[in-house]
Amino acid sequence: MPVSRYRNRVRVSRAPARLEQGETDLAALASGLGFSDQAHLTRVMRAELGHTPGRVRALLAS
């Protein structure tokens with residue numbers, strides 16, 4: 001596995017917990033996890049988890 005993919009997996013693995021804790025600012029979440037912007041976070045989450053950050057938040061809320 002390339003280092004960049006591993007790094008993105010580690011970053012994305014932290015996102016659901018932050019969303020569950022009530023993080024609402026996706027740009028701040030992306031920055032806090034080390035992504036360049038919200039769009040980058042969204043692309044990587046969709047690729048790794050199959051869902052966007054908004055969908056993950058909705059799934060955690062149900």
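Select helix α1, residues 3–20. Helices here are DSSP runs (H or I, at least four residues), numbered from the N terminus. At 1.5 Å a residue, the 18 residues of α1 should span 26 Å, and the C-alpha atoms at its ends are 27 Å apart, which agrees. The expected span is 1.5 Å times one less than the number of residues in the helix. The model is a predicted one, in which local features need pLDDT of at least 70 and side-chain atom pairs count only at pLDDT 80 or more, while totals for chains, interfaces and linings use all residues. Residues are numbered from 1 along each chain as its sequence is written, and side-chain values use heavy atoms, with hydrogens and water left out.

Keep α1 selected and colour N8, R11, V12, A15 and L19, which are its buried residues. They cover an arc of only 105° around the axis, so they lie on the same side of α1. The arc is that of the directions from the helix axis to the C-beta atoms. Buried means under 20% relative accessible area, exposed means over 50%, and partly exposed lies in between (1.4 Å probe, protein chains only). Now turn to the other side of α1, where V3, Y6, S13 and E20 are exposed.

What covers the buried residues of α1? The cover includes α2 (26–33), α3 (38–49) and α4 (53–61). Just after α1, select G22, which takes a positive phi of about 110°.

**Where α1 meets α3**

Two packed helices are described by the angle between their axes and the distance between the axes. Display α1 and α3 together: they pack at an angle of about 95°, with their axes 10 Å apart. That makes α1 roughly perpendicular to α3. Axes are lines fitted to C-alpha atoms, for helices over the stretch in contact, and angles run from 0 to 180 degrees between N-to-C directions. Angles under 35 degrees count as roughly parallel, over 145 as roughly antiparallel, 65 to 115 as roughly perpendicular and the rest as oblique.

Select R5, N8, R9, V12, A15, P16 and L19 in α1, which meet V44, M45, E48 and L49 in α3. Contact means heavy atoms within 4.5 Å. One of these residues, R5, is partly exposed, with a relative accessible area of 39%. R5 and V44 are 39 residues apart in sequence, and their C-alpha atoms are 9.2 Å apart in space.

Next, select T42 in helix α3. Is T42 buried or exposed? T42 is buried, because its relative accessible area is 18%. Not counting residues up to four places away in sequence, T42 touches T52 and P53.

Continue to H51, in the loop between α3 and α4. H51 counts as partly exposed, at 31% relative accessibility. With residues up to four places away in sequence not counted, H51 touches M45, R46, V56 and L59. H51 and G22 are 29 residues apart in sequence and 18 Å apart in space, C-alpha to C-alpha.

**The last stop: α2**

Finally, select L26, L29, A30 and L33, which are buried in α2. Seen down the axis of α2, its buried residues fall within an arc of 100°, so they line one face of the helix. These buried residues pack against α1, α3 and α4.

Key: Helix = DSSP H or I, 4+ residues; strand = E, 2+ residues; numbered from the N terminus.
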